[in-house]
Structure formats: C-alpha cells, structure tokens
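Please read this briefing alongside the sequence and the coordinates shown below. It is organised by topic, so that each group of points can be checked against the structure.

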Amino acid sequence: RGPARPEDATHTATLDARTMLAITGTDLGPDDRQLLRAFTDQLAVALHSRELQAEAANAEVLAQGNELRTALLQAVSHDLRTPLASIKASATTLLGQDVSWTPETVRELLETIDEEADRLNELIGNLLDMSRLHSGALELSTKDVSVEDVVLQAIASLGARAGALELDVADDLPLIATDPALLERAVANVIDNAISWSPAAEPVRIEAARVRGAVVVRVVDRGLGIPPAQRDKVFQPFQRLGDQHTDTGVGLGLAVARGFIDALGGDLTIEDTPGGGTTMVFSFEVPA
C-alpha cells in the first residue's frame, strides 16, 4: 500500500502462535477485512502443512536410522558371530596340543578359516556399504572401463564360492563411464546371490552384450524365481526372500547392488529366466 503515513492504521492478523502478519495503510472496510482474513487463513494452513511435511520427513529419517541400527545389532548378534565362531573353533582345534591331526584334517580346518574369513569380510563390507548409502557419504570415481574386466574382477572377488560359472561376453562392447569399484561390488553381490539360489547342477550364467543403445549384463540363475509382487522387496535392506538358507547373511547384498547402480546412473531390474529362475539385468546407456 506504499509508504506509511501518520494517518495510516496498522492492521494485524495472527497466523499461528508464533507468526503475525502486519499491514500498514488506510483503514480497511468490511470487505477488505474479510479478504484479509481469508488470505491469512490460507497462509496459516500453508505454513502448518509445510511444518507437518518437515516433521514427517524428519520422522521417516529417524525411523530409517532406527531400523538400520536395529538390523546392525541383529547382524552383530547373529550373522557376524556365526563365521567368527567357526574361525575360533577351527583355530582352537589346530592349536590343541593333545591331538595330532592328519594333513587332510589340518587342510580342512584351514579351508574353513579361510572361507569363514571371506564370508565375514563380505558381511562387514555390505554393512559398511549400506551405511555409506544411508548417510549419503558415497563418493564416485568415474572413468571409462571395460565391462568384461569388471565382471572378471567381480567373479575373482568371490573366490572358491564362484565355482563353475558360464560366461558369455560379447567382443565388441564399448567402454562405459562408471566407478569400477562400485560396479564390481554390485555385480559380485548379484552373482553371489544367484549362486546361493541356484541348484548345484545348474551353474549361474553371466552374459554381457550391447542391446540397442545400452550395455546390458545379465546374471542368470535356475533357482526358484522371484514372483513379480516380491521383486521390489528383494532390493530393500535386510530382506531375505523365503529365508531358506541359514548362511545368506544380513540381506544387504541386493540392496547395496541396487543403491550402487542407481548412484552410477544405471538400472538393475529383474526378469524371469526362461524355463524357471531369475535373471538380474544391469543396464547402462552408452553414446551412439
């Protein structure tokens, strides 16, 4: 209404207990007062709605943090203690002075220690990765990399657990711009999950090819498959579909893989394997 004048009146309207709107100008008539009241009512509703949204967002963050802390405690109390118990038992047996063990038995105990240490390292790695994703502390180091190299490194990181795999990588794949360490971790987690669910006589198959404008990696298993209604759930943290295994870890492998692939600008989806099973599909767009 312009600069205040001595004859101007000041009109106030309370929006809530902490906010007051003040307007300086000539005296208001009944219609103007009604319009001002309607305006302040709408403004008060908008402010209250914004506060509720902020509170809801904060509550969601706190709930997710509590869920993460609870799951971490469960992991420490069960999933992490299991490999530690195996390592301790095998080491104690080897250190015993009252029994002479055969070379075969000694090797079996050492293999147990090695396998359980790898399992423990994988569990801790996934817990740390999920913590980084949850806290927003993930840092990317992007460069042009060969998908074949990343897949081979992911397989190597699984050690003896990888066993017999079928590998079919096209020769003419272009390089993709990505963080090789994060992609390797994501691919290894998906392969490891596929091995867990595949029958021993049905090796996991890994395929990589260029499909139209994208480089696509498929991890194919012949397990039980995942119903469409469950497919989003398996990418949530601390989910273990069916819980049929006692050694499947804390249910973070696929959640970490999806989180990393999202951060890298790719896609990780689920398809049915023809004849039964699950196919995990990584997809990265590449320049034409």
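This is a predicted model: local features need pLDDT of at least 70, side-chain atom pairs count only at pLDDT 80 or more; totals for chains, interfaces and linings use all residues.

**Strand S9 and its partners**

- Strand S9 is largely enclosed by the rest of the structure, because seven of its eight residues are buried.
- Strand S7 (residues 214–220) pairs with S9 in the antiparallel sense over seven bridges; within this pairing, Val220 stands opposite Thr279, and Arg218 has Val281 as its bridge partner in S9.
- Strands S8 and S9 also run antiparallel and are joined by six bridges, with Ile270 having Met280 of S9 as its bridge partner.

**Helices on the sheet**

**The loop between S8 and S9**

- The hairpin of S8 and S9 has five residues between the strands, and in it Gly275 takes a positive phi near 90°.
- Gly277 is found in the loop between strand S8 (267–272) and strand S9 (278–285), and it counts as buried because its relative accessibility is 5%, where the cut-off is under 20%.
- Leaving aside residues up to four places away in sequence, Gly277 touches Asp221, Arg222, Gly223, Gly225, Glu271 and Asp272.
- Gly277 and Ser198 are 79 residues apart in sequence, while their C-alpha atoms are 8.2 Å apart in space.

**Helices H2 and H3**

- The axes of helix H2 (residues 81–95) and helix H3 (residues 103–135) come within 9 Å and cross at roughly 155°, which means that H2 is roughly antiparallel to H3, as angles over 145 degrees are counted.
- The crossing in which H2 passes H3 is left-handed.
- On the H2 side, the residues that make the contact include Leu84, Ile87, Ala91 and Leu94, and on the H3 side they include Leu109, Ile113, Glu116, Arg119 and Leu123.
- By class, the residues of this contact between H2 and H3 divide into twelve nonpolar, five polar and two charged.

Notes. Residues are numbered from 1 along each chain as its sequence is written. Side-chain values use heavy atoms; hydrogens and water are left out. Axes are lines fitted to C-alpha atoms, for helices over the stretch in contact, and angles run from 0 to 180 degrees between N-to-C directions. Helices (H or I, at least four residues) and strands (E, at least two) are DSSP runs, numbered from the N terminus. Angles under 35 degrees count as roughly parallel, over 145 as roughly antiparallel, 65 to 115 as roughly perpendicular and the rest as oblique. A crossing is left-handed if the near helix is turned anticlockwise from the far one by less than a right angle, and right-handed if clockwise. Contact means heavy atoms within 4.5 Å. Ala, Val, Leu, Ile, Met, Phe, Trp, Tyr, Cys and Pro count as nonpolar, Asp, Glu, Lys and Arg as charged, and the others, Gly among them, as polar. Buried means under 20% relative accessible area, exposed over 50%, partly exposed in between (1.4 Å probe, protein chains only). Two strands pair if DSSP finds at least two bridges between them.
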